[in-house]
Amino acid sequence: MKRLFAAGLFLLGTILAPVIACAQDQTPSSDWQDVLDKAKGQTVYFHAWGGEPRINAYIQWAAREVNNAYGVRVVHVKVSDTASVVSQVLAEKSVGKTSGGAVDLIWINGENFAAMKENGLLAASGWAEDLPNWRNVDVENKPTVKVDFTVPTDGLESPWGMAKLVFMYDSARLETPPTSLDALLEFAKNNPGRIAYPQPPNFHGTTFLKQVLINTVQDPAFLSGPAIPATFAEVSAPLFAYLDALHPYLWRQGEAFPKNAAHMRQLLADGELDIAFSFNPGDASGAIANGELPETVRTFVLDGGTIGNTHFVAIPFNSSAREGAQVLADFLLSPLAQSRKQDPEIWGDPTVLKVDALPAEERARFERVDLGVATLSPEDLGPVLPEPHPSWVSALEEAWSARYGAQGE
Amino acid sequence: MKDPGKTTQRAPCARSLVLDKVTVRLNGLPLLHIDCAVSPGTILTIMGESGSGKSSLLDFVAGFLKPDFQATGRVLLNGRDLTELPAQERRIGLMFQSALLFPHLSVLQNLLFAIPAGIKGSELRRSMAEKALEDVGLAGFGARDPATLSGGQQTRVALMRTLLAEPEALLLDEPFSSLDRNRRAEVRALVFRLASENNLPVLLVTHDREDAEAAGGDIYDLDAGSALNTAAG
Amino acid sequence: MPPGNARPDLPTVLATGLLLGPVLAGLAGTLLPAFGYLPVLGFDTLNLDAFRQLVATPGLSRSAALSFGTGLATSLLSLAIVLLFTAGWSGTKTFRRLSRFLSPLLSVPHAAAAIGLAFLIAPSGFLVRLLSPWATGWSRPPDILILQDPYGLSLTFALVAKEVPFLFLMTLAALNRPHVQEYAKAARSLGYGRVAGFLTAVLPQIYPLIRLPMLAVIAYATSVVDVAEILGPTTPPPLAPRLVQWMNDPDLAKRLMASAGTLLQLAVSAAALLVYLVLEKAVSAVTTASSTRGWRFRRDRALRGAGLVLMALVAAAMVLSMGLLGLWSVAKSWWFPAALPQRWDAARAGDAIGMGGPALLATVLLAIAAAFAATALTLWLLETRNTHQKNRSRRLNALFFMPLLIPQIGFLFGLNMLFLVMGLNGSFFAVLLAHLVFVFPYAYLALSDPWYRLDPRYTKAASSLGASQARIFWQVRFPLLLRPVLVTFAVAAAVSVGQYLPTLLIGAGRIVTVTTESVALASGGNRQVAAVYAVLQLMIPLAGFSLAALIPSLVYRNRTAMGVSRT
């Protein structure tokens, strides 16, 4: 059955995608040629969050390209929660399955990366920085491509895209959006039921908590180190004070929460919410192009900056198609794939590459991309606030769940 | 079709079961037509092969006509028009080809099931049910599982169950057909005797000529499409 | 062969092994880790830490109470609606019409139903849109807690809408038993109202056939995952979705806690079953008492009306939801409060189907393989027991239903670990095996009654003509039972398509079906694509049921006696 489908895909690919040849014009080094040879014929199971059809379509496109150019078959395993993939690899390791694992490449960052790194679940370090397209990565201006939530990547994961927390609102309903936490609280009080955030441990929900934590913490130095039980209560006290004040005015009075950012965006589209947020600055433009948001939706950020990070792809230690996974990771870093990804009509995810340093024709690919009406220019995006240490994630999630997640106890 | 009712006394307002110009159709096609009155204590026998519509006639009289069938005409019982009444309000007792004693209830509980709720007091109800069993020679059978009774015994219990509900008329849908020959006459005689003692008008449907003759009343033969008048008993 | 002490025949052994093996292995795989023993993960001392950790989890008792309450309420409500409607209307035209409406609803998978219902009843959903703004004055959706309400009402509603068709079809099948209609007549000719007559005289005859399905509904509803994830409360969620969350946590110690939680889940489901059994006894005592007192309940118009209204409500909600899914699947933009989409885009639905190709293929292959295996095994089993003239052992029957009476989650985690150790995880075969555990009981449930009801004289007649056992099966019994066999096949395929948790866990992401995709997309931001998948999920079983109805009609188009019997 799978073979049949692969054949179909292959056929489709040969018809549709002649562009790939120019993506790799440099002669590959002999090491990389070795990888390419081994990769040919492999099947890569790429475990990536699958809740967003636009991203799914992009991955489908990349899979087709890689299959045509390198003979690597890519299967997108649509995951609803990346943590479950970490758990799966961990379980495989525990039962002694050191090769032939089910996961070949995983879309990851933050606490999931930290957990995999800590448990030795990732393929030997360094491969990411040996990829031919690594040389174009903007290490200098985008430090988070090498430091994931304060944890050094050590070449264990290859950067895929840049994320920055942005907020969306419908300008037809709301003239000036609240651009500070205080203004947000004030807005909620005046418009009860129109503000929400996804329920932690959802990624975006936790990010909102971290944003508030960063904005309210006394001494930011606390956040670059691990969360310590002894000081956690004190450090997080202003955060929870803020949430306590906000919750009565939340959507459904905080008795129910959106499931994730996509759900929140849908609620914005339905008119249930006035503000949604995203980690993708191009999300609003993309959703407008797709008919998922009204054309009057615009993006804003908080004064003083919002959290930003990088998302990556990583190869588990027991991947059954390590070379194929490297080939895919490298393709995802190519100017072709990166520029296409940045197009809001396709995905709208900012590049990790240093565009200025690219050869002219590659640079032109990026210059051709129309960022869309609802996307803020790089200047308007504001400063990037670094992520706290990953240990804050579970600490915040547990504290949140104990405080708000079990009502009626 | 001839009118079998002409030979009997038509007395719509008296104590009798009247089928007033009843026509039963199956998907629009007429199946049978009947217009008659059955006096208390007498039996009108309707004969016909299976498929002749005799069961649907009983269904119509009892209030169970299946959706595929349509009927026109009226059913009157003791002056009440039953045509539009739901089955449970017609006060017509029905006996079937099989005894249909409820298998989840004991013999006695089957009888208690039938005694009207207006008769209160479990002692009284119980003694009525036991008396009924005695009447048909089944004293002491109350605690038995109905499935352990013979066919004839089951039919007798079913008869008493029907009568305990205090019906004003009796419809018999081949109730003796499942009995073996030697029991048959005995049970039949009992049913007819009790019906007559209770002064009930009875409509008997059968394809067995012996049943029809034993009933001793008018006979309406659906196959012949005519009323055969046997010697009245 | 004498009944009783006889050696069990091969198909019985096979079926027992197929069902009991995974269930027992899975239960062991749950029990041991709950007490701290999971050597492959480095936990090898028996202790109660997992339970301590579990008890300390905030909101645990509320989660358990939610599972118990929504599960039991769902089951009782569903049964009440089905029985009230059947009692009040069986034998009428209304009953026949509505039955025809309800039967196809059985094929609606739970997740698809939940997605459709969510859009129907949400504050920004279809019903509010129909009335807004002209009647409600709302130009924006009201901030009302309907979905994910803390008491699980919307969850209960969705489960009721889904379980009613199932229980109704089981009741319909039971009503086909000989004499059932006559018992109803007998009671009514004794002066009992429709409803009272049904409940006191008919229900006791057919209840044994509804009982196991009902218990299965309770076990299912107290431990449901996919519907709860879409419509259930989240502060805190019911127990089962939380268990899945813990099981997937990167912190492996949480797996021990999840195992301990699974034992709690088993206890919650068992408690619900127990309460039901007690209620069953009480209701049976009350109806017997009321019937021996002769209470007729002649005037039951209101009750009958309620039965009809509730049933029609369920049917309407489901049909509307499915219609909405169809609309959304070709809608590009559909802003509140428009009652119809503003922009249409059928091409994107086509793209989505194209992208879902592999999932579709996997779903269909799994469904066909599972349905074929389950139906064949059921036939073999029934035929063997038939020819040996064995008594139908109730114990064995109960055993076949065990996978339906134990919450899936109770043994799937353990089974998952077992398959992982055996290196079977993620293979088509392993997923098929996991599906079969749940598919076979339904196949057996669907086929055994028609099989035993087939007039034995056909077999006798064929034997007396000198036909061999094999010939009797292939040329007499099988053709006579072609219709129920095909329906069984369709039921089995539908059950396979609906499997979410087994596919997710045992498939390890390598086996992706329309159902797993559908649940993943339901959490995403694009309703159109989610709707396309839900529609796909719906179409497969519907196609199965249509074929099951069509094939016999074609094969036997000149055989009047082989037509559908009507009730």
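A: **The sheet of chain B**

In chain B, four strands make up an open sheet whose order is 2-1-4-5, with antiparallel pairing. This is a predicted model, in which local features need pLDDT of at least 70 and side-chain atom pairs count only at pLDDT 80 or more, while totals for chains, interfaces and linings use all residues. Residues are numbered from 1 along each chain as its sequence is written, and chains are lettered from A and ligands numbered from 1 in the order in which they are written. Strands (E, at least two residues) and helices (H or I, at least four) are DSSP runs numbered from the N terminus; two strands pair if DSSP finds at least two bridges between them.

The edges of the sheet are strand 2 (29–38) and strand 5 (80–81) of chain B, each of which pairs on one side only. Strand 1 (residues 17–26) of chain B runs antiparallel to strand 2 of chain B and is joined to it by eight bridges. Within this pairing, L26(B) has L29(B) of strand 2 as its bridge partner. Helix 1 (residues 54–62) of chain B packs on the sheet and touches strand 1, strand 2 and strand 4 (69–77) of chain B. The direction of helix 1 makes about 125° with that of strand 1 of chain B; axes are lines fitted to C-alpha atoms, for helices over the stretch in contact, and angles run from 0 to 180 degrees between N-to-C directions.

Where does chain B touch chain C? The contact joins 25 residues of chain B with 25 residues of chain C, two residues being in contact if their C-beta atoms, placed from the backbone, lie within 7 Å. On the side of chain B, the elements that give two or more residues are strand 6 (92–95) and helix 2 (107–114). Helix 2 of chain B provides the largest share, four residues. By class, this side of chain B has 17 nonpolar, five polar and three charged residues. Here Ala, Val, Leu, Ile, Met, Phe, Trp, Tyr, Cys and Pro count as nonpolar, Asp, Glu, Lys and Arg as charged, and the others, Gly among them, as polar.

Chain B has no contact with chain A, and the closest C-alpha atoms of the two lie 46 Å apart. Of the two pairs of chains that touch, chains A and C have the most contacts. That contact takes 57 residues from chain A and 52 residues from chain C. Helix 4 of chain A gives the largest share of the side of chain A, nine residues. The residues on this side of chain A divide into 23 nonpolar, 22 polar and 12 charged.

Chain C, which touches chain B, is assigned domain 1 (15–30 + 346–567) and domain 2 (71–120 + 149–232 + 258–329); such bounds come from an automatic or database domain assignment. The centres of these two domains of chain C, taken over C-alpha atoms, are separated by 22 Å. Their contact takes 36 residues from domain 1 and 38 residues from domain 2 of chain C. On the side of domain 1 of chain C, helix 25 (527–555) is one of the elements that give two or more residues, and helix 25 gives the most, 12 residues. By class, that side of domain 1 of chain C has 24 nonpolar, 10 polar and two charged residues.

Some backbone details complete the picture. Most residues other than glycine have a negative phi, and most peptide bonds are trans. In chain C, however, a cis peptide bond joins S132(C) and P133(C), with omega about -10°. P133(C) is in the loop between helix 6 (126–131) and helix 7 (153–175) of chain C. F297(C), which is not glycine, has a positive phi near 50° and is found in the loop between helix 12 (253–292) and helix 13 (301–329) of chain C. F297(C) counts as partly exposed because 18 C-beta neighbours lie inside 10 Å; a residue is buried if 20 or more other C-beta atoms lie within 10 Å of its own, exposed if 12 or fewer, and partly exposed in between, with C-beta atoms placed from the backbone.
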